[in-house]
Amino acid sequence: MTTKGGSRPGETPDREIIRDGLGVSRGIAIGTLYLHDSGTIAVPELRIAANRIESECARFMAAADNAGHQVEQLQSKAEGLGGAAGEELGYLHDAYRQMLHGSRLIRGVERRIKGERINAEAAVQQEINEIIRGFEAMDDPYLAARVADIRDIGRRLLRALTNTAYRPFTALPKHAVIVAEEMTPADTALLDPAQVAGLATIAGGAEGHTAIMARSLGLPSVLGIADLLAGAHGGETVIVDGTNGLVIINPLPETLAFYRRERAAFLKARRVLARLKDVPAITTDGNRIVLQANMELPNEVGAVLESGAEGIGLLRSEFLFMNRDDVPSEDEQYEILKDVVERMGGRTVTIRTFDAGGDKLAPALGCTIGPNPALGLRAIRLGLARQDLLEDQLAAILRASAHGKVRILVPMIATVGELRATREVMNRVVKRLRAKAAPMADPLPPLGAMIEIPGAALSADAIAWHADFFAIGTNDLTQYTLAIDRSDEAVAHLYNSLHPAVLRLIQFSALAATRARIPVSVCGEIAGDPRYTPLLLGLGIRDLSMTTSNVPVVKSRIRNLDLAAAEALARTIMDQTDSGRIAQLLDGFGEQ
Ligand code: PEP
Ligand code: MG
């Protein structure tokens, strides 16, 4: 095999290229490289007859009106948002509307259609490119940042002209391996595992939502590969080794043969683990552990049931708002949630209210990126700022609760006040639904708090008196405790849930829940990593919720683990100050 990093731009295409990054979703994909340029729309350049100039200009103006109308709709949503976020979005949409009415862009496109006698799509593309070139040449950071807005306007115009809905990934080769600069969680949600074999990107961290979405789709994935695009061409054979964080473009025959064997071995191991489906997750000293699944998309129910998960410990409801420009109605949300609850056949379904914001942007909610997205108007903060949206969603969840066993989970709780305010909104909704005699669970579903902000963990004893259950979100808890952006590949090596501070916060939260006699689970990514299982059990956690595909491997670990020994391990670990030593203790556990 060619040595790692041995090939760089300019290399001949018949040499294999090996790139390394963060293996975020295990398994091996072998397929055809598909270069994804986010949002690019194929634009043919056509000469038009003189007698078509007028109609082409009219077609363009209609597209501009259409795009302007979309922006107006977004604007009215932004106004509803209020506060700084609404104001910021308002400015942005004003700028968009100006660009779409009588601006240099509009005049420039018309001039090109008339002067160069080309079709409107080509004229838009050329004009946008020229404006961008001008902005980039000015070496001004503010103007450079506007380039993204201009591209966005260009895409809106092209979509309107070509009648293309925002649905990338339509003409994929069979077994496509998506290679991209960046994939948003919403882009990733559009990937169909029946068609897509794997994923590789330049941007992204191991605990970001793109990585989580890739895991839930079972797509072998490597993110954070700085030099991924150098030497990558569409149509080439590519291997994604999601277990070891390698991407091999144009592999040599022996490399291909090696990875075919590795892939077969991986799939076989998975089949062996799948046999654990119906056996309980019980430690060697007889302690029963609850294993549940995290769900990102509604079509995962089949896989959840197949995995042997006892319920859904976290249903991330953001999917309801993804890849659309409008907000789903209460009825629409109810129908989708009811279907999930019914198909889970009486097993617990923990539905989290929308956690939009941060790296989970949902245009439908009018989320703005803001100066510091992870610290901005996110999750329940957005829900309490937009109570109309929260009420609709709570109503949908409460109605779905009539069809099974539902729990309601509130993301990003920082204060007791936020949880109380959420309960007040819920009580209001219950009253409204009762007045309409809408069926709901009786007693009402429990209302739980995500513990994922360090401040919430440190006041977990107080929050526990107001919460019916806790779900500890270690992804955000680690991010906020260590000030490491979970989706930024540049600091991914510093992201470490074994930092003593993170472990103390988990321990404190678990203890607070136990003292208040409320259930507590861990639903961050470490819950699905068998490496962490003895530590989490040792810290008193008896309920783990994870990416569906990890349920069997964690169950296997539990069935070979002695809880008393795990508790002793946790005591030793909690005396440590160095995360390197903690990792050693953890990795050495069970090997003596
Ligand atoms: C977490 O933060 O650990 C969590 C489970 O929530 P999410 O990953 O959706 O932010
Ligand atoms: Mg979280």
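**Salt bridges**

I began with Arg 378 and Asp 476, whose side chains meet in a salt bridge with an N to O distance of 3.0 Å. This pair links distant parts of the chain, since I find Arg 378 in the loop between S11 and helix H11 (379-385) and Asp 476 in helix H16 (residues 474-482), 98 residues apart. I noted that the model is a predicted one. Are the two partners buried or exposed? Arg 378 has a relative accessibility of 2% and therefore counts as buried, the cut-off being under 20%. Asp 476 is likewise at 2% relative accessibility and counts as buried.

I then looked up Glu 318 and Arg 352, whose side chains meet in a salt bridge at 3.2 Å, N to O. Glu 318 lies in the loop between strand S10 (312-316) and helix H10 (330-343), while Arg 352 belongs to strand S11 (residues 348-352), so the pair ties together parts that are 34 residues apart in sequence. Glu 318 is buried, with a relative accessible area of 6%, and Arg 352 counts as buried at 2% relative accessibility.

Glu 121 counts as buried at 8% relative accessibility, whereas Arg 59 counts as partly exposed at 31%. For the structure I recorded 28 salt bridges.

**Cysteines**

How many disulfides does the structure hold? The count comes to 0 disulfides, with a pair of cysteine sulfur atoms required to lie within 2.5 Å. I also looked up the burial of two cysteines: Cys 57 is buried, with a relative accessible area of 8%, and Cys 523 is buried as well, with a relative accessible area of 1%.

**Backbone**

Most residues other than glycine have a negative phi, and most peptide bonds are trans, so I listed the departures from this that I came across. A cis peptide bond joins Asp 442 and Pro 443, with omega at about 5°, and Pro 443 sits in the loop between helix H13 (416-435) and strand S13 (447-451).

His 175, although not a glycine, has a positive phi of about 50°; I place His 175 in the loop between helix H5 (141-162) and S4, where it counts as partly exposed at 46% relative accessibility. Met 412, also not a glycine, has a positive phi of about 60° and is found in the loop between strand S12 (405-410) and H13, but Met 412 is buried, with a relative accessible area of 0%.

**A contact and a patch**

Arg 26, in the loop between strand S2 (22-25) and strand S3 (28-36), counts as exposed at 52% relative accessibility. From C-alpha to C-alpha, Arg 26 and Thr 243 are 4.3 Å apart in space, although 217 residues apart in sequence.

My last entry concerns a negative surface patch formed by Asp 37, Glu 181, Glu 182 and Glu 489; of these, I located Glu 182 in the loop between strand S4 (176-180) and helix H6 (185-189).

Note on methods
Residues are numbered from 1 along each chain as its sequence is written. Chains are lettered from A and ligands numbered from 1 in the order in which they are written. This is a predicted model: local features need pLDDT of at least 70, side-chain atom pairs count only at pLDDT 80 or more; totals for chains, interfaces and linings use all residues. Side-chain values use heavy atoms; hydrogens and water are left out. Patches are made of residues with over 30% relative accessible area and no salt bridge: like charges are joined within 9 Å, nonpolar side chains (Val, Leu, Ile, Met, Phe, Trp, Tyr) within 5 Å. Accessible areas come from the Shrake-Rupley method with a 1.4 Å probe; for residues, only the protein chains shown count as cover. A salt bridge is a side-chain nitrogen of Lys or Arg within 4 Å of a carboxyl oxygen of Asp or Glu. Lys and Arg count as positive and Asp and Glu as negative; His and the chain ends are not counted. The place of a charge is taken as NZ of Lys, CZ of Arg, CG of Asp or CD of Glu. Helices (H or I, at least four residues) and strands (E, at least two) are DSSP runs, numbered from the N terminus. Buried means under 20% relative accessible area, exposed over 50%, partly exposed in between (1.4 Å probe, protein chains only).
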